Amino acid sequence: MTTSIGIIGAGVSGLAVAHSLKRLLGDKADLTVYEKGERPGGAICSKRIDGFLVEWGPNGFLNNEPATFELIKELGIRDRLVVSSDTARKRFLLIGGALHQIPLSPPGFLGTKVLPLSAKLRFALEPFIKKRTAEGDESVADFVARRFGRKAVERMFDPLMSGIYAGNVNTLSIQSTLKVFHEMEQSHGSVVRGMFARIKQRRAEERAGGAPEKVDELVSTSKNPMSNKLLSFAEGMNELIGALADELREHIRSAVTIESFARTEKGFDLVVRDGNGTQTVHHDVVVIATPPEQAAPFVAGLDSMLAQRLKEIKSSTIAVIGLGFKGEDIANPLDGFGYLIPRMEGVRSLGVLWSSSIFPGRAPEGHKLLQIMIGGAHDLRAIEADDQTLVETAMKDADPVLGFRGKPVLQRVIRHTSGIPQYNLGHKARLQEIQQRMQCIDGLHLAGNGYFGISANDCIRHARELAGRIAANIV
Ligand SMILES: Cc1cc2nc3c(=O)[nH]c(=O)nc-3n(C[C@H](O)[C@H](O)[C@H](O)COP(=O)(O)OP(=O)(O)OC[C@H]3O[C@@H](n4cnc5c(N)ncnc54)[C@H](O)[C@@H]3O)c2cc1C
């Protein structure tokens with residue numbers, strides 16, 4: 001008997017679920033992936049324009065997730081991987097209008113000008129600060145201010161959370177974003193003591209059991225995020241999407257609208273509209289792999305409170321402004337990954353990636369590529385500005401730091417209206433309720449970056465785990 005499975009949303013999550021189900025179930029499953037856009041990939045898209053490789057969304061993924069390597073190997077694109085340059089390990093913060101390298105080690109931290117001496121002393125007191133005993137969630141800003149001091153929030157964690165989540169440090173949840181910090185405080189009474197305990201434990205494990213087996217020689221088993229490397233593909237992140245889409249070609253229906261979604265005795269009926277009209281399709285199992293707010297309408301008729309909780313996980317908007325220059329037209333040597341900008345700097349841009357310094361082949365010979373982020377949770381309406389305004393803002397913000405001597409030879413503005421889901425205060429409790437309510441709807445599942453992690457690695461790991469659970473129920 002064949003089980004009919006519908007997957008709504010062809011971002012990397014939906015595609016990775018479909019890929020794993022295809023491998024696990026073969027002809028036992030009849031798969032269809034529905035995508036409302038013209039192309040699969042969602043936030044991931046790379047385009048080669050005039051010799052520059054412009055990324056719409058992620059520039060890469062860290063080499064610490066075995067599930068991503070397993071997927072890459074299954075797709076046969078392992079040899080297409082490119083590793084970020086050593087120079088890209090240098091990351092900067094804009095403080096007081098000047099770039100300061102983010103310290104990667106304790107001696108580096110002592111010497112850094114990112115924090116003034118008084119703030120470093122406050123930081124050093126962290127092991128002696130009592131742990132929080134109050135129940136409930138806490139914002140990243142409150143957690144960091146309590147443990148490391150307010151300056152650490154303003155100068156380090158505010159730009160970090162803008163850089164990763166396009167989020168607001170005052171509303172993002174510590175338990176759902178920097179969960180490991182929260183756990184260290186709870187189990188060791190201090191983040192710093194927790195870090196030392198982890199290092200000690202890892203060394204003991206390594207001595208006892210040798211190095212853990214690796215899926216691939218490029219996989220890092222280090223728990224220290226600073227020691228991980230960023231990877232991508234020779235022609236950008238879209239190679240991953242291209243390989244998934246090629247494999248799933250006959251299963252993907254792009255440019256469709258799901259007009260209604262109803263539960264039946266054994267599964268779900270979807271009314272699907274495409275260029276040829278509407279059609280009712282039955283599926284035994286459905287995976288909704290859209291951003292949470294866009295999943296809400298599907299479940300509204302089944303459980304209105306579930307829909308409400310999904311709507312509460314809002315995504316921030318973000319614009320990516322790709323600017324290509326002749327090499328000599330940027331005074332700064334771009335020796336590093338790029339820089340993040342704390343909100344206290346009063347600059348509209350969130351950060352600047354020096355894309356051509358990160359991976360090879362991102363700009364033609366003698367040229368450089370920048371990607372500048374504007375928008376995010378602090379500035380949700382920024383993406384409404386026209387292209388020229390966004391380019392001018394990006395140039396004006398970056399000029400004092402990078403020293404432009406000429407106009408860009410390439411400019412490309414990419415807008416994400418459902419950019420990055422915000423794991424705001426209460427996210428963990430919201431998720432628990434969502435999971436409980438989902439358990440009452442047999443055959444319906446959620447995937448995507450809205451729940452358990454926003455990175456491409458998180459999306460892939462959860463997609464594979466979900467596919468495994470679905471397949472186990474079928475075979
Ligand atoms: C600017 C930017 C930079 C990023 N940088 C990084 C990075 O460097 N490293 C990293 O690991 N991650 C990064 N991320 C995060 C990562 O790219 C995303 O979290 C991930 O790609 C999300 O995949 P997804 O499939 O869960 O969601 P999406 O990519 O959002 O895909 C969801 C899909 O569902 C479709 N859809 C929505 N509603 C419907 C509907 N009603 N019917 C049918 N289809 C529908 C959408 O069109 C979309 O194709 C970045 C994200 C952005 C936006």
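1. Helices (H or I, at least four residues) and strands (E, at least two) are DSSP runs, numbered from the N terminus. Strand 19 gives the most, with four residues.

2. The model is predicted: local features need pLDDT of at least 70 and side-chain atom pairs count only at pLDDT 80 or more, whereas totals for chains, interfaces and linings use all residues. Residues are numbered from 1 along each chain as its sequence is written.

3. The ligand is surrounded by 37 residues, the closest being G9, G11, S13, G42 and P58; a residue counts as near if its C-beta atom, placed from the backbone, lies within 6 Å of the molecule. By class, this shell has 17 nonpolar, 18 polar and two charged residues (Ala, Val, Leu, Ile, Met, Phe, Trp, Tyr, Cys and Pro count as nonpolar, Asp, Glu, Lys and Arg as charged, and the others, Gly among them, as polar).

4. Three domains are assigned: domain 1 (3-44 + 237-313 + 424-474), domain 2 (48-88 + 315-421) and domain 3 (115-212). Their bounds come from an automatic or database domain assignment. Domain 1 and domain 2 each provide at least three residues of the ligand shell.

5. The centres of domain 2 and domain 3, taken over C-alpha atoms, are 28 Å apart. Their contact (C-beta atoms, placed from the backbone, within 7 Å) takes 15 residues from domain 2 and 11 residues from domain 3. On the domain 2 side, strand 15 (315-326), strand 17 (349-353) and strand 19 (410-421) each supply at least two residues. That side has eight nonpolar, six polar and one charged residues.

How values were computed
Two residues are in contact if their C-beta atoms, placed from the backbone, lie within 7 Å.
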